[in-house]
Amino acid sequence: MHAAQILINALVLGCLYACIAIGFSLVWGVLNVINLIHGSFIVLGAYLAFGLYYSLHLSPWYAVVVAAPLFFVLGYLLQRLLLNRVIHAPVLVTLTLTFGLDLILNNAMIYFFKADYRKLTLVPPLGSVSILDVVVPVDRLIATVSALALTGLLYLLLRRSRVGRAIVAVRLDRDAAVLMGVNVEQIYAIAFGLGAALAGCAGVLMALIFPISPLTSSGYLGKAFVVCVLGGLGSVSGALAGGLLLALVEGVGSTFFGPSHATTLSFVLLIVFLILRPQGLLGRKGFE
Amino acid sequence: MTRANLALLILIACVAALPLFGGAYALRLGTIACMYAILALSWNVVGGFAGYPSFATAAFFGFGAYATGVLMNDGLSLWLSVVITAIAALLLAAMLGAVLLRLRGHYFAIASLSLAEVLRELVNNATDLTGGGMGLNIPLASGSSVLGDAMFFFYAMLGLLLATALMTMAVAGSKLGFGLACIRQNETASSMIGLNTTLYKSAAFGLSACFVAAAGGVYAAWVHYIDPSDVFDILYSVKPIVMALMGGLGSPLGVACGAFLYLGLEEVVWRNYIQIHTGVLGLLIVMLLLFLPHGLVSLRAGMFERKAKHV
């Protein structure tokens with residue numbers, strides 16, 4: 001039963017990890033930008049959920065609906081006004097630029113919200129369900145299902161909609177997409193906006209489970225790195241596979257080596273994957 | 001010796017005269033200035049000469065600080081500890097480099113960024129050796145008066161800066177520097193004409209790490225107390241890049257000037273806006289990248305170009 005509990009925990013956490021990473025993966029894949037502001041977007045989303053719950057008594061699963069358009073606009077404008085100017089610069093420049101933006105946003109959050117850890121506590125609490133000996137808290141279950149729904153929604157968007165097909169086209173071959181009449185700059189901005197919206201929604205879901213503080217942003221970012229590299233870049237299924245693998249490794253690792261080594265293990269795994277299989281679990285070679 | 005190299009040496013000589021003018025505060029600033037210049041010049045060997053976006057500076061800085069700290073707690077002298085640390089860092093980085101430097105672009109950036117995370121977690125968990133999250137106390141090295149202590153560490157850091165500058169110049173003028181420039185321009189082509197790119201990149205990575213680690217060691221002995229979140233701070237990886245971008249990538253003189261200028265800005269921000277200093281730093285980075293992407297050196301080069309057109 002112990003093994004079953006580890007497996008279920010990994011499954012629940014893995015879907016959340018996938019949700020954290022998917023926006024990051026989309027931006028990396030389409031814009032070729034490592035978006036270091038992603039972690040702070042997630043935390044900002046968590047604060048939004050916190051604020052909405054305590055001021056308007058709006059439950060976090062409704063806050064997702066508020067967060068998505070707000071963060072989309074934020075991301076869209078950020079890309080259009082700032083990132084677009086250096087989009088063709090070497091990785092060093094784009095990475096450092098997003099790091100600078102992250103410093104600004106994170107400092108602003110510490111300034112306005114303070115660095116204290118807060119927790120969104122649902123009243124009344126939802127409790128937990130147990131099947132045989134496996135226990136799952138209901139709030140975690142809701143967050144996981146919502147994370148899966150968001151991931152599925154992105155998948156549908158990329159597969160079925162006109163904009164989604166254009167995003168995939170730019171991802172596959174930018175020059176050819178230009179020749180086919182795709183407005184690449186517009187697509188870049190939309191992809192970045194989608195990435196931000198997914199980060200915001202992920203943050204809202206995280207608020208259900210984890211404590212909220214500006215200091216947690218680098219942890220989320222680290223998870224996004226590892227998931228992207230493990231699963232393969234820029235694909236929805238890759239992010240899911242990476243998220244599940246990471247959660248499983250962390251779960252098994254912390255059972256056998258102790259929880260303090262779980263993070264070390266995940267980063268070692270990241271470096272091993274980078275060296276041996278840089279295209280990730282589900283990625284194709286040369287499609288990086 | 002080119003004019004730029006000579007100017008760099010003169011600049012370092014000017015910094016050496018600092019104790020004539022200031023007290024303990026000026027010495028503290030001078031020590032940090034030298035440390036920043038060491039980090040930026042060392043980063044420049046990998047990031048500027050070879051064009052690899054390395055974010056591993058914090059990893060080697062922290063490694064150096066902890067290696068020196070642990071050795072000094074075992075009773076070794078400061079100098080011996082720093083030398084052992086530097087050699088260990090050279091070997092470690094050359095070995096890691098041979099593996100990590102096969103990655104390019106984004107993947108190398110991520111891998112080098114994760115290196116600091118891995119080392120931090122290892123140090124955090126090796127409580128018996130490093131004190132873990134409680135940090136590590138380091139015995140006093142010089143043991144004289146406050147001012148004497150400040151003077152001692154200022155000259156130690158300055159000496160290290162001089163060594164780093166000489167190393168950078170030697171690399172820039174040697175076959176190694178030429179090979180790194182080839183790698184920056186077109187790695188595939190340079191490996192095809194018979195350049196052992198892995199060897200060259202690893203050598204550059206090792207040399208860079210060696211001086212960063214030594215600076216970390218001297219820093220640890222200077223502040224007497226280190227903890228993982230302090231010395232493995234990701235900002236130690238990003239600041240040298242900002243300094244190099246500020247001064248101009250690839251030019252040792254520009255990079256050193258960038259380091260000093262950066263310290264000046266940082267000090268002004270710290271003094272006036274303590275609550276929002278990281279935000280101001282972020283704003284500085286954004287402005288710099290958007291409006292002056294090739295650094296201060298580009299201003300001068302631009303002026304020369306215009307003159308040449310008129311002739």
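Leaving aside residues up to four places away in sequence, S112(B) touches P53(B), S54(B), F55(B) and A56(B), where contact means heavy atoms within 4.5 Å. S112(B) belongs to helix α5 of chain B, residues 105-125, helices here being DSSP runs (H or I, at least four residues) numbered from the N terminus. With a relative accessible area of 0%, S112(B) is buried; buried means under 20% relative accessible area, exposed over 50%, and partly exposed in between, with a 1.4 Å probe and protein chains only. A polar atom of the S112(B) side chain lies 2.9 Å from the backbone oxygen of A109(B).

This is a predicted model, in which local features need pLDDT of at least 70 and side-chain atom pairs count only at pLDDT 80 or more, while totals for chains, interfaces and linings use all residues. Residues are numbered from 1 along each chain as its sequence is written, chains are lettered from A and ligands numbered from 1 in the order in which they are written, and side-chain values use heavy atoms, with hydrogens and water left out.

In chain A, H38(A) lies in helix α2, residues 38-56, and counts as buried at 1% relative accessibility. Again not counting residues up to four places away in sequence, H38(A) touches I20(A), G23(A), F24(A), G195(A), A199(A), L221(A) and A224(A).

Aromatic rings of Phe, Tyr and Trp (its six-membered ring) pair if their centres lie within 6.5 Å, and planes under 30 degrees apart count as stacked, over 60 as edge-to-face and the rest as tilted. The count by this rule is 21 aromatic pairs over all chains. Among them, F60(B) and F205(B) form an edge-to-face pair, at 5.6 Å centre to centre and with 80 degrees between the planes. This pair links distant parts of the chain, with F60(B) in helix α3 (residues 57-73) of chain B and F205(B) in helix α10 (residues 197-223) of chain B, 145 residues apart. F60(B) is buried at a relative accessible area of 3%, and F205(B) is buried at 2%. The rings of Y219(B) and W222(B) have centres 6.4 Å apart and planes at 70 degrees, so this pair is edge-to-face. Y219(B) and W222(B) are three residues apart in helix α10 of chain B, separated by about one helical turn, and both are buried.

Over all chains the structure holds six salt bridges, each a side-chain nitrogen of Lys or Arg within 4 Å of a carboxyl oxygen of Asp or Glu. K223(A) and E250(A) form one, the closest N and O atoms being 3.2 Å apart; this pair links K223(A) in helix α9 (residues 217-231) of chain A to E250(A) in helix α10 of chain A, 27 residues apart. E250(A) is buried, with a relative accessible area of 10%. In chain B, the side chains of R120(B) and E117(B) meet in a salt bridge at 3.1 Å, N to O, and both residues lie in helix α5, three residues apart. R120(B) counts as buried at 18% relative accessibility, whereas E117(B) is partly exposed at 22%.

Finally, what does helix α10 of chain A contribute to the nonpolar patch? Four residues, the largest share of the patch, come from this helix (residues 236-257). F256(A) is found there and counts as exposed, at 66% relative accessibility.

How values were computed
Helix = DSSP H or I, 4+ residues; strand = E, 2+ residues; numbered from the N terminus. Polar contact = N/O pair within 3.5 Å; in protein donor to acceptor, adjacent residues only side chain to side chain.
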